[in-house]
Amino acid sequence: HIFDHKFFTSAIVGGSNPIALGVAKTLLMKGSKHRVYCFTGDMASTGGLFKECLAYAEGWNLPILYIIENNGMSVRASTKATWGLRNGKNKVVEYEYERIYPHAGSGKYVMF
């Protein structure tokens, strides 16, 4: 989804990462002074797609900063329990926040 000409989104988990990477590569090729800021979730940041994009961005020194929104959870699973700890990179910023509303469902766990 393109909102305006400077804001892109994707419904696919981590799908914004390669979109942002392509925009950053284009900016570099055009000699632009602009930067790309790509927001991604803590669980998406542990996947291969994110890691490949980050490696490419670092290898070509692209004007991009990945910002990881870390609430410590996927939909219901703890990030640390699922993936463990990860090493930081110089093109990544991470911040933590506490969820107020549930990601999915009504906020009440129902056992079937």
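View 1. W60 is partly exposed, with a relative accessible area of 48%; buried means under 20% relative accessible area, exposed over 50%, and partly exposed in between, using a 1.4 Å probe and protein chains only. This is a predicted model, in which local features need pLDDT of at least 70 and side-chain atom pairs count only at pLDDT 80 or more, while totals for chains, interfaces and linings use all residues. Residues are numbered from 1 along each chain as its sequence is written, and side-chain values use heavy atoms, with hydrogens and water left out. Rings of Phe, Tyr and Trp (its six-membered ring) pair if their centres lie within 6.5 Å, with planes under 30 degrees apart called stacked, over 60 edge-to-face and the rest tilted. By this rule there are three aromatic pairs. One of them joins Y56 and W60, a tilted pair with 6.1 Å centre to centre and 40° between the planes. Y56 is partly exposed as well, with a relative accessible area of 34%. You will also find K25 over the face of W60, at 3.9 Å from the ring centre; a charge sits over a ring if NZ of Lys or CZ of Arg is within 6 Å of the ring centre and within 35 degrees of the ring normal.

**View 2. The pair of Y95 and Y97.** Here Y95 and Y97 form a tilted aromatic pair, 6.2 Å centre to centre, with 40° between the planes. Y95 is partly exposed at 33% relative accessible area, and Y97 is partly exposed at 38%.

View 3. N71 sits in the loop between strand 4 (64-70) and helix 3 (79-83); helices (H or I, at least four residues) and strands (E, at least two) are DSSP runs, numbered from the N terminus. N71 counts as buried because its relative accessibility is 17%. Leaving aside residues up to four places away in sequence, N71 touches D42, Y97 and R99, where contact means heavy atoms within 4.5 Å. With Y97, the side chain of N71 makes a polar contact to the side chain at 3.4 Å. A polar contact is a pair of N or O atoms within 3.5 Å; within protein, one must be able to donate a hydrogen and the other to accept it, and residues adjacent in sequence count only if both atoms are side-chain atoms.

**View 4. The chain around these sites.** Stepping back, the protein chain has three helices and five strands, running β-β-α-β-α-β-α-β from the N terminus. Buried residues make up 29% of its 112 residues.
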